[in-house]
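Subject: Structure handover

Hello,

Please load it first, then read the notes below.

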Amino acid sequence: MTSQRQSISLQDAIWGGSVPLEIQLSPEECRTYDKSDPYFIQYPRLSYLPFLLPRLHGFFTPFLIHPDVAHHVGWFSYEDVPLKWHYPLGLLYDLFSGAPPAQVNDSDKDDHTSPSQQPSTLPWRLTLHFTDWPGDQFVQPDAEGKVLHDAFINSVKEADFLRNGTAKGIMSLSKDDSTQLWNAVQEHNRSVFDPIFQKLLYAQGAPLRHIPLKIYLPSSPTASEPSTGHLRVVQSLITPFLQGTKEPQTLGTALHALLPTLFPSRRTPILARPVLHGAVVPMSSQVEGLLQEVAYLDGWLHVGLVMMG
């Protein structure tokens with residue numbers, strides 16, 4: 001159980017976490033082949049890459065073969081792997097960059113960049129495309145941003161339903177609160193976001209029913225999905241307490257229940273390590289505590305797995 005001071009410090013670190021990016025225009029779309037200037041930015045881990053598209057379009061317009069292309073058709077790739085636009089940047093970095101995660105005994109608390117990020121992986125070099133949308137992998141956003149908004153809100157609704165057995169929390173927010181919530185996500189505004197999110201966390205004033213938890217497991221390409229960078233997303237109904245007991249559910253017990261082959265031990269990682277916000281998560285961490293302290297902005301615990309050995 002974390003103290004209030006530790007809780008505040010942890011949340012400060014998560015909201016302050018960022019990844020330095022070097023974004024290069026795809027050579028195939030550049031009028032001066034492979035000669036466009038890169039765009040550098042220190043970007044929040046909790047935020048989403050599509051929010052960058054208007055400014056990136058403006059920056060790269062002089063270099064584009066077709067400068068009249070709409071900004072919302074832009075998409076990002078890393079080493080030829082298209083990046084899912086509805087995943088937070090921090091999750092994408094943890095899953096694809098290859099950077100080793102920070103250990104729990106890492107002591108550098110002041111650096112807003114995760115201690116796991118080594119010089120060889122920073123800045124994270126992404127490629128920006130405005131053509132050849134990978135429609136076989138994900139839906140294209142629209143010019144008004146409605147698709148982005150709806151994808152986020154639907155994820156919030158799903159998390160709300162799992163926590164409380166109903167999505168009345170998000171559905172009963174006032175129009176002003178709903179608008180402010182989305183604006184806070186786009187602007188990375190914690191002071192506006194936190195009070196509204198707290199209304200959702202225990203919307204019914206009752207104990208949590210389930211923990212919104214998704215596990216991201218690297219997977220080999222398949223016939224239906226032959227591309228590299230394929231992920232298997234695992235989720236199930238995870239209760240805050242072990243079934244029929246008052247013993248708190250830990251990340252270790254949840255992972256053992258979901259993936260017993262990968263996690264034969266409930267206490268010690270043997271074949272894979274769980275990573276959240278760039279750091280290895282202790283197997284003894286209680287999942288309800290994690291949800292309260294380190295959930296992503298959509299209310300989910302997005303846990304990546306890094307294979308050992």
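Glu-22 stands opposite Phe-40 in β2. The partner strand is β1, residues 18-25. Six bridges hold the pairing of β1 with β2, and the two run antiparallel. Keep in mind that this is a predicted model.

Both strands belong to an open sheet of five strands. The order is β2-β1-β5-β3-β4, and the pairing is mixed. The edges are β2 (39-44) and β4 (81-82), each of which pairs on one side only. In a regular strand, side chains alternate between the two faces of the sheet.

Helix α2 covers residues 53-60. It lies across β1, β2, β3 (75-78) and β5 (124-129). Relative to β2, helix α2 runs at about 170 degrees.

What sits in the loop between β2 and α2? Leu-49 is found there. Is Leu-49 buried or exposed? Leu-49 has 3% relative accessibility, under the 20% cut-off, so it counts as buried. Leaving aside neighbours within four places in sequence, Leu-49 is in contact with Leu-21, Tyr-43, Phe-76, Leu-83, Leu-89, Leu-92 and Leu-126. One of these, Leu-89, is 40 residues away along the chain. The C-alpha atoms of Leu-49 and Leu-89 are separated by 6.5 Å.

Strand β8 spans residues 272-276. Four of its five residues are buried, so β8 is largely enclosed by the rest of the structure. Strand β8 has bridges to β10 and to β9. Four bridges join β8 to β10, and the pair is antiparallel. There, Val-275 stands opposite Gly-304 in β10. Two bridges join β8 to β9 (residues 279-280), again antiparallel. Here Leu-276 stands opposite Ala-279 in β9.

The hairpin of β8 and β9 has two residues between the strands. Which residue of this hairpin takes a positive phi? His-277 does, with a value near 55 degrees.

Strand β10 covers residues 301-307 and includes Met-307. Met-307 has 43% relative accessibility and counts as partly exposed. Together with Ile-270 and Leu-271, Met-307 makes a nonpolar surface patch. The area of that patch is about 260 Å².

One more residue to check is Ser-155. It lies in helix α4, residues 146-164. Ser-155 is buried, because its relative accessible area is 13% and buried means under 20%. Apart from neighbours within four places in sequence, Ser-155 is in contact with Asp-298 and Trp-300.

Finally, the whole chain. How many helices and strands are there in the chain? There are nine helices and 10 strands. The chain has 309 residues, and 50% of them count as buried. Its accessible surface comes to about 15,400 Å². Carbon and sulfur atoms account for 54% of that surface. Take the contacts between residues at least 6 apart in sequence: 69% of them join residues at least 24 apart.

Best wishes

Notes
Residues are numbered from 1 along each chain as its sequence is written. This is a predicted model: local features need pLDDT of at least 70, side-chain atom pairs count only at pLDDT 80 or more; totals for chains, interfaces and linings use all residues. Side-chain values use heavy atoms; hydrogens and water are left out. Patches are made of residues with over 30% relative accessible area and no salt bridge: like charges are joined within 9 Å, nonpolar side chains (Val, Leu, Ile, Met, Phe, Trp, Tyr) within 5 Å. Accessible areas come from the Shrake-Rupley method with a 1.4 Å probe; for residues, only the protein chains shown count as cover. A salt bridge is a side-chain nitrogen of Lys or Arg within 4 Å of a carboxyl oxygen of Asp or Glu. Buried means under 20% relative accessible area, exposed over 50%, partly exposed in between (1.4 Å probe, protein chains only). Contact means heavy atoms within 4.5 Å. Two strands pair if DSSP finds at least two bridges between them. Axes are lines fitted to C-alpha atoms, for helices over the stretch in contact, and angles run from 0 to 180 degrees between N-to-C directions.
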